[in-house]
Amino acid sequence: MASSVFGIGVSGLNAANLGLTTTGHNIANVNTDGYSRQTIKQSAPYPLLSGSGFNGLGVQVDSIKRVYDQFLTRAVDIAQTQSSYQQTRLAHLAEINNIVADPTAGVSPALQDFFASVQNVATNPSNPPSRQAMLSSAQTLLNRFQVFSQRLNEQRASLNGEISNTVGTINAYAAQVADLNGKIVVAQSSGQPPNDLLDQRDLLVKDLNTMIKTTSLPLSDGSINLFVGNGQGLVVGSQTYTLGAVPSPANPESLSISYEQNGNSILLPDNLVTGGQLGALLDYRNQSLDLAQNSLERTALGLLSTFNQQHQAGQDLNGNMGKAFWSFPTVTLPSGIDVPGLGSIRANTNNSVPATAVLSGYIQDISKVTTSNYELSFDGTNYALGNLSDGTKYTLNAIEAAALTTPAGFTSSSGLSLSLTATPAAGDRFTIMPLKGFIDQMKVNVSDPREIAAAGPVAAVEPKAPAVVNTGTLKVYQPDVKPQTAVTTDASIDANLFTPVTLTFVPDATFPSGMAYTVTGAVPVVVGNQEYKAGNEVSYNGWTMKLDGKPASGDSVTVQKNAVTASSDNRNALALGKLQTTRVLDGSTATYQESYGRMVATVGTQTSEATIMGKAQSKLLISAENNRNSVSAVNLDEEAANLLRYQQAYQASSKVIQIAQKAFDEIVNLGR
């Protein structure tokens with residue numbers, strides 16, 4: 001009997017000792033991140049059958065369990081990856097928002113200052129200081145564009161470094177999870193859970209979700225598998241498959257994420273890499289940084305292109321036609337017009353070797369150019385032009401596809417003219433970045449203030465005494481020369497622009513107005529009387545002029561080259577100033593500043609959204625962690641109570657042994 005009581009007492013001591021040890025372990029780890037409190041699971045052993053029935057044999061500790069809920073833990077992982085995504089995205093958006101939205105040092109104030117200087121020239125076209133101020137303001141605007149472009153380029157370079165570092169961290173975490181998987185499988189083969197190892201692994205999975213969204217699958221042997229993207233295994237048991245940050249085949253200046261498996265490297269589309277810091281970096285690059293850079297380039301190119309066209313339609317103080325005010329990369333068409341080339345065209349590095357076709361092109365209509373990049377692909381039968389911003393694709397019809405492989409090329413709805421030297425191989429692709437790099441190469445092409453073309457190149461002149469003067473009430477408006485663009489087939493300036501054209505008015509009853517005019521000097525030759533209507537415009541040799549009033553018979557007006565001494569002529573300067581409020585971009589719906597402002601507003605909206613979502617996700621993460629902690633975290637008050645409980649149990653078991661010892665002694669004494 002005494003021996004059985006001894007055994008029961010010892011079992012109680014052992015159980016209480018384990019309880020005290022487990023409680024002490026909990027208290028020691030009260031501040032350990034990711035720790036789950038542990039409890040002992042005890043039961044009564046199978047009783048011993050005796051003549052008087054089944055006798056209890058004390059207590060046994062079956063296992064030390066951690067208080068854990070896999071669903072609450074998974075909720076923390078999900079909240080963690082979303083919170084990290086929003087915080088990383090917000091940090092980068094705040095940087096770019098500070099760049100593009102600066103109210104004093106931004107592009108918009110520089111644009112306003114430049115056009116203010118253009119208006120000053122229009123007010124006083126012969127004033128040398130006004131002209132010099134316009135050149136200085138142009139250089140300031142150029143510098144502002146280039147400084148902002150450089151800062152965005154630095155952001156892109158820094159982003160590549162962050163992507164590489166993040167991928168390295170992901171691989172390191174994955175390796176640690178795989179290592180713990182192996183240790184857990186070995187430890188769990190004993191039949192008991194290795195609680196602390198399990199907590200360490202859960203914490204690593206949480207840290208991994210800070211970097212990238214993962215999906216976990218627990219296995220019966222205690223290990224877990226982790227998947228990323230579209231089901232690519234990152235950790236499978238004790239084996240890892242690494243990610244890589246490699247130059248994109250479409251654009252080597254940007255990094256893509258690769259999945260390395262059995263010596264093979266598979267590129268993961270950016271839209272499959274979601275959540276965490278890595279997903280935020282890729283989304284920021286594709287949705288915000290590309291938008292900011294392309295919008296800045298488009299604003300600059302729109303200004304350069306349209307301003308040049310108008311400036312070349314004017315006359316400077318030397319009596320010469322205006323030259324290009326800005327210089328930037330251009331392509332000269334057969335018509336003689338200089339148009340913007342395409343910023344960058346890259347053949348995909350996976351294209352057939354040797355290359356069977358080379359893609360080239362130019363920007364035909366700046367008003368239609370978007371802020372997107374494109375990809376031209378050929379599947380062996382059809383050509384498709386994909387928009388890399390929204391993922392849409394346009395399949396060229398038979399006529400468009402045939403035109404693509406001719407010198408004339410195919411013109412897209414976004415104002416790009418594309419031409420292939422030959423039919424490419426099936427599967428070949430080309431990345432088109434229409435706006436890349438213009439700002440870095442732009443310069444102010446006019447250095448002499450006298451070369452600012454503020455005047456009109458032709459002027460309307462009425463006869464003066466001693467010649468026969470006009471006697472009617474004819475009102476003549478000075479002619480305009482319309483700038484030529486790539487959409488037209490004419491040369492940049494009509495070759496006969498300076499050929500004098502004389503309109504002479506004669507009565508003609510065959511016309512309802514009763515008045516007509518004859519034309520001499522126009523090319524091609526105009527034969528016969530032309531009806532005159534007050535308020536109508538007439539156009540010859542590349543100029544357009546409005547006539548009004550009632551001319552008398554024999555009255556005339558001649559349009560000829562403007563005099564060199566016409567320093568007070570401000571017609572072209574006014575036309576240049578008007579460009580500030582002319583909607584020439586974004587489908588002819590936005591001025592330069594409005595186009596840039598839309599980008600600033602979009603980035604601002606994204607920043608505001610990320611701020612709101614970041615706060616919301618932070619609260620969700622806190623809530624998820626609180627829910628987990630309510631089940632798994634160490635409560636010192638509870639552990640203090642457990643200490644007292646196990647202490648009392650230990651003391652009580654000791655008392656049982658003490659009483660058993662006394663009983664044994666009494667029995668021994670009976671035999672003396």
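**Fold and aromatic cluster**

Reader: How many helices and strands are there in the protein chain?
Author: The protein chain has 11 helices and 32 strands. These are DSSP runs, H or I of at least four residues for helices and E of at least two for strands, numbered from the N terminus.

Reader: Where do the coordinates come from?
Author: This is a predicted model; local features need pLDDT of at least 70, side-chain atom pairs count only at pLDDT 80 or more, and totals for chains, interfaces and linings use all residues. Residues are numbered from 1 along each chain as its sequence is written, and side-chain values use heavy atoms, without hydrogens and water.

Reader: What does the C-alpha trace span along its principal axes?
Author: About 165 × 50 × 45 Å.

Reader: New topic. How many aromatic pairs turn up in the whole structure?
Author: The search finds 15. Rings of Phe, Tyr and Trp (its six-membered ring) pair if their centres lie within 6.5 Å; planes under 30 degrees apart count as stacked, over 60 as edge-to-face and the rest as tilted.

Reader: What kind of pair do F114 and F115 form?
Author: Edge-to-face, with 5.3 Å centre to centre and 70° between the planes.

Reader: Is F114 buried or exposed?
Author: F114 is buried, at 0% relative accessible area. Buried means under 20%, exposed over 50%, partly exposed in between (1.4 Å probe, protein chains only).

Reader: And why is the F114 and F307 pair tilted?
Author: Their planes are at 55°, so the pair is tilted; the centres are 5.3 Å apart. F114 is in helix α3 (residues 107–123) and F307 in helix α6 (residues 276–311), 193 residues apart.

Reader: Which residues form the cluster?
Author: F114, F115, F307, F325, W326 and Y592.
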